[in-house]
Amino acid sequence: TGLYGAVLILPPVLLISAIVSQWVPYEHDVLNNLALLPDPWVFVACFLSTAVLTPMLEEFMFRGLLQGGLQAAVDHEIDQFDIWKPQSAVPILVTSVVFAAMHWGQGAACIPLFFLSLGLGYLYRQTGSLAAPVMIHMILNGVTLLAEYSRSQMVA
């Protein structure tokens, strides 16, 4: 589900990112430090923290706690088999606004990350699992780090 979701969600998010980056450059401390210190061990440390730990923590906080809590507050529908059926898009929208706002100060990153969050939120609501959103978030962060590290190696 995570790989399928990545194929559906990441291309439009990366396209939006490429478009908005034409007007406002992307800024992130991890990528800036990686460009300044293109050492393999720095890359490994950045990769573990940014592409492994951060997606797990952010998805737990945003999708699991915030969106899940909001979904439970607004959706009370239970089917005949006593299975909860979340329907409202409001928790996804609220969570996406907060997620994007958390990335304020990283250039125009908040714009594509809002759309990423919409996709991850929808996937979480439909599956009830954090596994796929975590995997997609890991892929995005990992690919971004690999691209920046590769670019810094070509310059060095």
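In the predicted model, E59 and R63 are joined by a salt bridge in which the closest N and O atoms lie 2.6 Å apart. The structure holds one salt bridge. Both E59 and R63 belong to helix 3, where they are four residues apart, or about one turn of the helix. E59 has a relative accessibility of 0% and therefore counts as buried. R63 is likewise buried, its relative accessible area being 0%. The salt bridge between E59 and R63 is thus formed by two residues that both fall under the 20% limit for burial.

R63 also takes part in the packing of helix 3 against helix 4. Helix 3 covers residues 40-74 and helix 4 covers residues 90-102; the two pack at an angle of about 150°, and their axes are 9 Å apart. Because angles over 145 degrees count as roughly antiparallel, helix 3 is roughly antiparallel to helix 4. The crossing of helix 3 with helix 4 is right-handed. On the side of helix 3, the contact is made by E58, F62, R63, L66, Q67, L70, Q71 and V74. These residues meet P91, I92, V94, T95, V98, F99 and M102 of helix 4. Sorted by class, the contact between helix 3 and helix 4 comprises 10 nonpolar, three polar and two charged residues. Among the residues of helix 3 in this contact are the charged residues E58 and R63.

With residues up to four places away in sequence left out, N141 touches T50, A51 and P55. T50, A51 and P55 fall within residues 40-74, the range of helix 3.

For the chain as a whole, six helices and zero strands were assigned. Read along the sequence, the pattern is α-α-α-α-α-α. The C-alpha trace spans about 65 × 30 × 25 Å along its principal axes. Among contacts in the chain with a separation of 6 or more, 72% are between residues 24 or more positions apart.

Note on methods. Residues numbered from 1 in each chain as written. Predicted model: local features only at pLDDT ≥ 70, side-chain atom pairs only at ≥ 80, totals over all residues. Heavy atoms only, no water. Axes fitted to C-alpha atoms, helices over the stretch in contact; angles between N-to-C directions. Parallel < 35°, antiparallel > 145°, perpendicular 65-115°, else oblique. Left-handed = near helix turned anticlockwise from the far one by under 90°. Contact = heavy atoms within 4.5 Å. Salt bridge = Lys/Arg side-chain N within 4 Å of Asp/Glu carboxyl O. Buried < 20%, exposed > 50% of the residue type's maximum accessible area, 1.4 Å probe, protein only.
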